[in-house]
Structures are given as structure tokens and as C-alpha cells.
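This report is for a reader new to the model.

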Amino acid sequence: MDIIALVLSIIVFIKLGKIESRLNKLQPKEQLQQPALLETPTTDSDSMEKPLTSPDNTPTEPSGFEKFFAWYAHEWMLKTGALLILLGFIWFATYAFLNNWIGPIGRISLGLVAGALILYAGEHRLSKIRTQGITIVWLGAAVMIVTIYAAQEIYQMFPATVALLFLALTTVVTAIISLRHQSLSLSVASLIIGGIAPLIIGSTENSIFGLYSYLIIITLGTIWIARHRKWEILTFLALIITTLYSFLYFFSSAEYLMSTLTPLEFLQLRFFAATLTGIFFLVSLMTVITNKAVTKVDLITAGAVGLYTYGWINGLIPDEYKGLVTATAALFYSGASFITFTRTSLKQPVYLYTTIAVILLAIATAFEFEGPVLIMAFSIQALVLPIVGVRLLGADVGKYILFYFILPIFLSLESIVSSWGTELFQNEFYALTIVTTTLLASGIYFSYDKNVRNNALHEASTFIIVTGSIYALLWIWKVFHTIITPEYFATMATLVVYTGIGLFTYITGDVQKRKVLHKFGLFTLIFVVGRLFIVEIWNMELTGKIITFFMIGTLLAGSVLLRKQHSEKL
């Protein structure tokens, strides 16, 4: 252990030395004030920091590990001393307890008084040297938490309400200090204290009403600070805290919860779930609208709220109502997308809200349908949603909604590879027919829509048409092999039809200078010829070979001769 400690000490010494020397080169020693972790810039000259630069004066973005070391390197003796004081306080209290120097009440009182004095000293120091004051405030809050935890776990000295009151008071004091001195790191500290309070007093499972009422108070207070100081990261952290307390409910079922909770508790849980979800949803939306700007934190928070919403739906809503509730949530997110689109010029939140709405709609559809019916429902939605999206949100957003076709395409693969037997009108036939029709209809609509002036959307529509055309060929194959017997005769008829389609699209594309149409026809003809020489030449009966090869050969050769004759006349 001594060797390990020595090696670690050398590594830390070298790292701190490099960072300190790097900082000292950048600014004068008397002005060096490294902001605390998670700290935001202020006008205080003690908190200003020049960015680290590379030798060519190009700013470099340090990693999280380097940021931590950079923070720790500045006044590292103070931070190390604070840690040692905290550990020493814990061990001193333990030693005093073991030797009965101080009674239980005196021990806890000593800890509370010490924590309060350290908090006061830190607040006083903040006005002079910012980074030192922040470290001392952190130390005072930590002493308070340890003391209250000891009072609860060792002595059961306080009722849960009294312990929560002490922690709430520590939270409020830390938050006030953070607001007074514009310290984001102290606001994070106050949120952490408030977040872990139910764990410290051991009341996370006693009362749903008490726990979630407390979480709503903490959430509202955090949101107010976040809005007041524009520290959006606090909203995200508050969401994380409420999620951690609710995580197990997300993976339960309504039936299980109704059997383990009283009707009143289950009703309370639903109420608080809807309330918290609504709060986070509205705050996320209003942050984007009022700021007229969006950050990565805003986008991450909005996405996390979507997951939070689905988590509560999955855990609290009975199976027969999940589809309806999820569709309602999708409607709210689509409304958020439209409001953001009309009130701001920001694309990222519009894309994000639209994506969440589309995902929730797909989940709602999957709750309601299954099998071929689900494929048909997805196909119809894939046809309608991009049209509505283009009309309401513009072509830039609408083109991405075309990706919704991935769902019916992927699910319909089973309809393609499965055997239909001899009965045509069955669910697999309807599913493949709807997928093919919606693909072609969507592609043609956007290809010929004169009101849409978006090259990317027209390119996407071309891809959709090609995909729909391939599905049409597959549809012909499946239908012919279902209604025509024997099999070789069905194959012969299919290849002849493929040849006609290939020739028509190949020649039309060549004449009209439409490359995609021309290439599709070429692909179809190559497939026919390849199928003939690789598969059918071995599988077909002699009669089928004669008829098939003769007919297809005549079509191919005749088309060339007729076209050449037509060209000579012209």
C-alpha cells in the first residue's frame, strides 16, 4: 500500500505541476483565479479566467478529466485541506463518540453549529476570494449533511419532518448564497442536498404524497433559479433527480402497482406523475421560446422529458389505454413543434419535438395493433405524416418524416418471404398492397408537388418512388405465384411482365433523359436475364423454357429493332 500511495502521489504531483505551470504562463500570478467546477463567468475580477491555448494560439477544448485537474490545481492546498478537515471532523466525532466525551445531543449540536459556522465563513470569504469561499461553503454544507445523517441513522434523534427541515434549511441557505454571489456550482450543491434529503432521513418509501410533494417543491425552486439566472443545466439535474426516485415505477405495470398500493396512493402517484411531466414539458418549451436560442442542454432536457413521459405511461397506464394516452402525448409534442416553428427561427428544437412526437405516435400505434394490421397502420401514417409535416413545419422538417416508412418496410419483410399458399385475399396480401401503394403515392405526390421547392425533398421522393417500384415488382411476384399454377408458369408470366416493365422504363428514361427511370429499367432487365440464366434454366420444365426464353427474347430484340426503325424515320 505504501508503494501504491507513493506512485499515486508522484502522478498527481506531476499532473498538478504541469497544470499550474500552464496556468502561470497564461496570466500574472496575482490575477490567477481559476473558477470552480461548473462555475459561470462573472464580472468579478477574482473570477476571470483566460482560456487555455495551444502554442499556435488556437483554443483547445480540455477533457473533463483535465478540467477537474485544472480546477483542483488552483489553490489545491485549500481544497485538499478542506477535504482533510471534513475527514478529520468525521474521525474526531467518531473518536469522541466511542470514548463518550460528548453525549448524543452534544455531538449532533456540535456538528450543526460547526457546519453553520463554516457556511457563514464561506459566505464571508466569497466576497473577497471567490474560489476559496465556494470551497468553504461546500465544506460547511457537507458537515451539515453528515451530522444530520448521523442523527438519523445512529441515534434516531429527530422525527423525519425535523430532519427534513434541517436539510431544507441547508439547501435554502446554500441556494441563497449561490444567488447572491452568482455561483452555479453552489446552486448545484443546493440541488444535490435537496435531492438526497429523502434518502438521508429514510423516507423514500413511507409516503408517496410526502415524497412527491417534496420533489415538486424542490423542482419548482430549482426551475425558478434556473430561469432567473439562465442556468438551464439545473432544470436537467432536477429532472434527473425526480427520475431516479421514479425509475422503478417506469418498469412496473399498472396492474402490479394497483395490487401493491392503496387506491388513494395509486391516484396520488398518477397525479404527481402528470404534474411533474407537465412542469418539465412546459418549462422546456418555454425556455426555447422565450430565450429565442437553444443550447445542447436545452435539447438534451427536451429529449429526456420525452423519455420521462413515456416512462410514466409505461408504468402507470393499463394496457388497454396506453395507446390512447401515448397518442395524446404525441399530440402535445407535435403542438410544441408547431409552436416552436412559428415563434422562433430555430430548427433544432423543431426537429427534436417532431422526432419525439413521431416516436410516441409509433409506440401508440404498436400498443393498439399487431401483425399485418400494424403494418397497414404504419403505412398510412407514413403517407399522411410527411404531407402534414411539410404543410405545417416546412419542407426541411417534412422530408425527415419520410423516414417513418422504415417501420412498414421493415415489418413487411415477413409478408414478402412468407408463403401465401393459394389464397390471395389474406392479411399478408393486404399488408404488402398497402405498403406498395403508400410508397408510390407518397413519392409521386412530393415529386409532382409544385408548391414544394426543396431539392432534398424531391430527391427523397425519388428514392421513395424507386423503393415503391421495387415493392411493386415483389407484389407482382407474390400475386402471380399465388393465383397461377403450376409454379413454373407463374414464374414465366412474372418474368414476361417484368420484361415489359423494364423495357418501358428503360426506353422512356432514355428518351426523356430521366436517369433514375432509365437505371430502374436497366436493373429490371438485368434481373430478368440473370434469373433466366442462373435459376430458371435449371428449374423450368422444357416447355416452360421454350416459351419463356422465346417470349422474353422476342421482347428484348423487338424493342431494339422497333426503336431503331422509329429513329430512322425521324
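Start with the second largest pocket: α20 gives the largest share of its lining, 7 residues. This is a predicted model, in which local features need pLDDT of at least 70 and side-chain atom pairs count only at pLDDT 80 or more, while totals for chains, interfaces and linings use all residues. Residues are numbered from 1 along each chain as its sequence is written, and side-chain values use heavy atoms, with hydrogens and water left out.

**The second largest pocket**

The lining of this pocket has 19 residues. Nearest its centre lie Ile 465, Ser 469, Arg 514, Val 516 and Leu 517. Four helices, α19 (427–448), α20 (455–483), α21 (487–511) and α22 (515–539), each supply at least two lining residues. The space inside is about 510 Å³. By class, the lining has 13 nonpolar, 4 polar and 2 charged residues.

Some terms need their cut-offs. On a 1 Å grid over the protein atoms alone, a pocket is an open set of points with protein on both sides within 12 Å along at least five of seven lines; a cavity is a set where a 1.4 Å probe fits but cannot get out; lining residues have an atom within 4 Å of a point. Grid points are joined across faces, edges and corners, and a volume is the space filled by probe spheres set on the points. Nonpolar covers Ala, Val, Leu, Ile, Met, Phe, Trp, Tyr, Cys and Pro; charged covers Asp, Glu, Lys and Arg; the others, Gly among them, are polar.

**The largest cavity**

The structure holds 2 cavities of 30 Å³ or more. About 60 Å³ of space lies in the largest cavity. Its lining consists of Glu 232, Thr 235, Val 283, Ser 284, Thr 287, Val 288, Asp 298 and Thr 301. Two or more of these residues come from each of α11 (263–291) and α12 (296–316). Helix α11 gives the most, with 4 residues. The lining divides into 2 nonpolar, 4 polar and 2 charged residues.

**The chain as a whole**

The protein chain has 23 helices and 0 strands. Helices (H or I, at least four residues) and strands (E, at least two) are DSSP runs, numbered from the N terminus. Of the 570 residues in the chain, 44% are buried. Buried means under 20% relative accessible area, exposed over 50%, and partly exposed in between (1.4 Å probe, protein chains only). Among contacts (heavy atoms within 4.5 Å) between residues at least 6 apart in sequence, 70% join residues at least 24 apart.

**Helix α5 and its partners**

Helix α5 (residues 130–153) packs against α6 at an angle of about 175 degrees, with the axes 10 Å apart. The two are therefore roughly antiparallel. In this contact, α5 residues including Val 137, Met 144 and Ile 148 meet α6 residues including Phe 166, Leu 167 and Thr 170. The residues of the contact divide into 10 nonpolar, 3 polar and no charged.

The axes of α5 and α7 (residues 184–201) come within 11 Å and cross at roughly 5 degrees. These helices are therefore roughly parallel. Trp 138 and Tyr 149 are among the α5 residues in the contact, and Leu 186 and Ile 193 are among those of α7. By class, the contact has 13 nonpolar, 2 polar and 1 charged residues.

Axes are lines fitted to C-alpha atoms, for helices over the stretch in contact, and angles run from 0 to 180 degrees between N-to-C directions. Under 35 degrees counts as roughly parallel, over 145 as roughly antiparallel, 65 to 115 as roughly perpendicular and the rest as oblique.

**Single residues**

Met 144 sits in α5. Leaving out residues up to four places away in sequence, Met 144 touches Leu 112, Gly 115, Ala 116, Leu 119 and Thr 170. Thr 326 belongs to helix α13 (residues 319–343).

| Residue | Relative accessible area | Class |
|---|---|---|
| Met 144 | 9% | buried |
| Gln 182 | 35% | partly exposed |
| Lys 513 | 70% | exposed |
| Thr 326 | 0% | buried |

Most residues other than glycine have a negative phi. Gln 182, not a glycine, has a positive phi of about 55 degrees. Gln 182 lies in the loop between α6 (160–180) and α7. Lys 513 is not a glycine either, and its phi is positive at about 60 degrees. The loop between α21 and α22 holds Lys 513.
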